[in-house]
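Here's a friendly walk through one protein model.

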Amino acid sequence: MNKEHEFVIKPLLKYFKNNKNNWKVHTPDYPTSATGWDIEARCKKFDLLIEAKFMGGPFISKLNGLVTAPLVKRKCQLPKSTKPSFVCWALGAKNMKRNPYQLLLDYFVRNPKFWVHYQKDLNIKYVFIVNNGEVTRIDFTKFLEVISKYKKLSENVKLVGRREIANNLIGKSF
């Protein structure tokens, strides 16, 4: 079992199992060689197609994998449905001592206009953040609002200050 499966996918599956919406969930039989989505989840209202990444090593290359995931036409394992499908990201780590929020917000702040179009064009719904087995679900629209606040507050602020601003914004918003 790889780290992505152990620290991101397993806690997400537990999260869906314990949720009141009776999710039907599909994961690939062999996660290391699968070419589809890491998790496909279906409830009464909609389908979620989730791309998961374990945040160990270079952060930007992992984020690049998430950003390009909805652009690739992937095979879905759940039967076709008339419900709308939304793409979601799942970021996780064994223990996020160095909080990735500041890196994530700095990455998004470079071109906020792009991310608004990205979300609308590719139906991005949620970002799941998994830390020590706990799952936090962040609505992507609300996340974009936090980015605009972060941009205003972090102008001309050094790295330590930006980390504190990011932690405060994420903590208060979600």
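Let's start with R162, which is partly exposed at 21% relative accessibility. (Buried means under 20% relative accessible area, exposed over 50%, and partly exposed in between, using a 1.4 Å probe and protein chains only.) R162 forms a salt bridge with D106, with 3.1 Å between the closest N and O atoms. R162 sits in helix α6 (residues 159–173) and D106 in helix α3 (residues 101–109), so this pair ties together parts that are 56 residues apart in sequence. D106 itself counts as buried, at 19% relative accessibility.

A quick word on what you're looking at: this is a predicted model, where local features need pLDDT of at least 70 and side-chain atom pairs count only at pLDDT 80 or more, while totals for chains, interfaces and linings use all residues. Residues are numbered from 1 along each chain as its sequence is written, and side-chain values use heavy atoms, leaving out hydrogens and water.

## The other charged pairs

How many salt bridges are there? The count is 3, taking a salt bridge as a side-chain nitrogen of Lys or Arg within 4 Å of a carboxyl oxygen of Asp or Glu. One of them joins D47 to R42, at 2.9 Å from N to O, and both of these residues are buried. Another links E51 and K53 at 3.5 Å, N to O; E51 and K53 are buried too.

Now for the disulfides, meaning pairs of cysteine sulfur atoms within 2.5 Å: the count is 0.

## A space inside

Rolling a probe the size of a water molecule over the atoms shows where empty space is left. Here the count is 1 cavity of 30 Å³ or more, a cavity being a set of points on a 1 Å grid over the protein atoms alone where a 1.4 Å probe fits but cannot get out. The largest cavity holds about 40 Å³ of space, a volume being the space filled by probe spheres set on the grid points, which are joined across faces, edges and corners.

Which residues line the largest cavity? They are Y15, F16, N19, W23, F46, L48, Y126, F128 and R137, where lining residues have an atom within 4 Å of a point. The lining divides into 7 nonpolar, 1 polar and 1 charged. (Ala, Val, Leu, Ile, Met, Phe, Trp, Tyr, Cys and Pro count as nonpolar, Asp, Glu, Lys and Arg as charged, and the others, Gly among them, as polar.) At least two lining residues come from each of α1 (3–18) and β5 (124–131); helices (H or I, at least four residues) and strands (E, at least two) are DSSP runs, numbered from the N terminus.

Note on methods: On a 1 Å grid over the protein atoms alone, a cavity is a set of points where a 1.4 Å probe fits but cannot get out, and a pocket is an open set with protein on both sides within 12 Å along at least five of seven lines; lining residues have an atom within 4 Å of a point.
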